[in-house]
Amino acid sequence: MKATGTFTPTKWDEKTLDQISSEQKITKASVELSFGDAGEIAGKATVEWLMFYKHSDEKDQHKSSASYVGLIRFDGKLNGRSGTFVMEDRGIFDSGALKAELDILPESGTGELAGIGGSAKYYTNASGIAFEIDYELR
């Protein structure tokens, strides 16, 4: 099964763990995402990202470049089915653009999403951050 939607960050708390140089650093970001209340994907998610900035621009973060890994816990509905699940996230942020690949972690689904497996991706486009998931329920 497939589902598409968009998300918006609603909370962002990022702290530097290691300042490598004036431009390079490692940070940890705790983030909340909103997928809205309607559509194929609806709900919210909490994220913990570890980020490596190969170039950090403190004056304009949209000019920064970073690679990141993290865990996203989704809580909501996919095509009308309610539940939660966890995804492993690997992505790149470069000059304001996002691109990421995700895997749904086995045995992380609950509720009507118990037994979920599959993959997802997200990326920036003209209308915001697009999210696509390809999943199966066992």
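Phe-7 and Phe-131 are both buried, where buried means under 20% relative accessible area, exposed over 50% and partly exposed in between, with a 1.4 Å probe and protein chains only. This is a predicted model, in which local features need pLDDT of at least 70 and side-chain atom pairs count only at pLDDT 80 or more, while totals for chains, interfaces and linings use all residues. Residues are numbered from 1 along each chain as its sequence is written, and side-chain values use heavy atoms, with hydrogens and water left out.

**Aromatic pairs**

The whole structure contains eight aromatic pairs. Rings of Phe, Tyr and Trp (its six-membered ring) pair if their centres lie within 6.5 Å; planes under 30 degrees apart count as stacked, over 60 as edge-to-face and the rest as tilted. Two of the pairs share Phe-7.

| Pair | Centre to centre | Angle between planes | Class |
|---|---|---|---|
| Phe-7 and Tyr-122 | 5.2 Å | 80° | edge-to-face |
| Phe-7 and Phe-131 | 6.2 Å | 70° | edge-to-face |

Phe-7 in strand β1 and Tyr-122 in strand β7 are 115 residues apart, and both are buried. Phe-131 belongs to strand β8, so its pair with Phe-7 ties together parts that are 124 residues apart in sequence. Strands here are DSSP runs (E, at least two residues), numbered from the N terminus. Ring pairs link Phe-7, Phe-35, Phe-74, Phe-85, Tyr-122 and Phe-131 into a cluster.

**Thr-84**

Thr-84 is in strand β5 (residues 81-94) and counts as buried because its relative accessibility is 8%. Its side chain makes a polar contact of 2.5 Å with the side chain of Thr-110. A polar contact is a pair of N or O atoms within 3.5 Å; within protein, one must be able to donate a hydrogen and the other to accept it, and residues adjacent in sequence count only if both atoms are side-chain atoms. Leaving aside residues up to four places away in sequence, Thr-84 touches Arg-73, Phe-74, Asp-75, Ser-108, Gly-109, Thr-110 and Leu-113, with contact meaning heavy atoms within 4.5 Å.

The largest pocket has a volume of about 370 Å³. Its lining has 19 residues, and Trp-12, Gln-61, His-62, Phe-93 and Leu-98 are the closest to its centre. A pocket is an open set of points on a 1 Å grid over the protein atoms alone, where a 1.4 Å probe fits, with protein on both sides within 12 Å along at least five of seven lines; lining residues have an atom within 4 Å of a point. Volume is the space filled by probe spheres set on the points. Strand β1 gives the most to this lining, with four residues. The lining of the largest pocket divides into twelve nonpolar, four polar and three charged residues. Ala, Val, Leu, Ile, Met, Phe, Trp, Tyr, Cys and Pro count as nonpolar, Asp, Glu, Lys and Arg as charged, and the others, Gly among them, as polar.

The second largest pocket holds about 160 Å³ of space. At least two of its lining residues come from each of β1, β6 (97-104), β7 and β8 (128-137), and the lining divides into four nonpolar, two polar and six charged residues.

**Positive phi**

Most residues other than glycine have a negative phi. Asn-79, in the loop between β4 (65-78) and β5, has a positive phi near 45° and is partly exposed at 36% relative accessible area. Ser-95, in the loop between β5 and β6, has a positive phi of about 50° and is exposed, with a relative accessible area of 51%.
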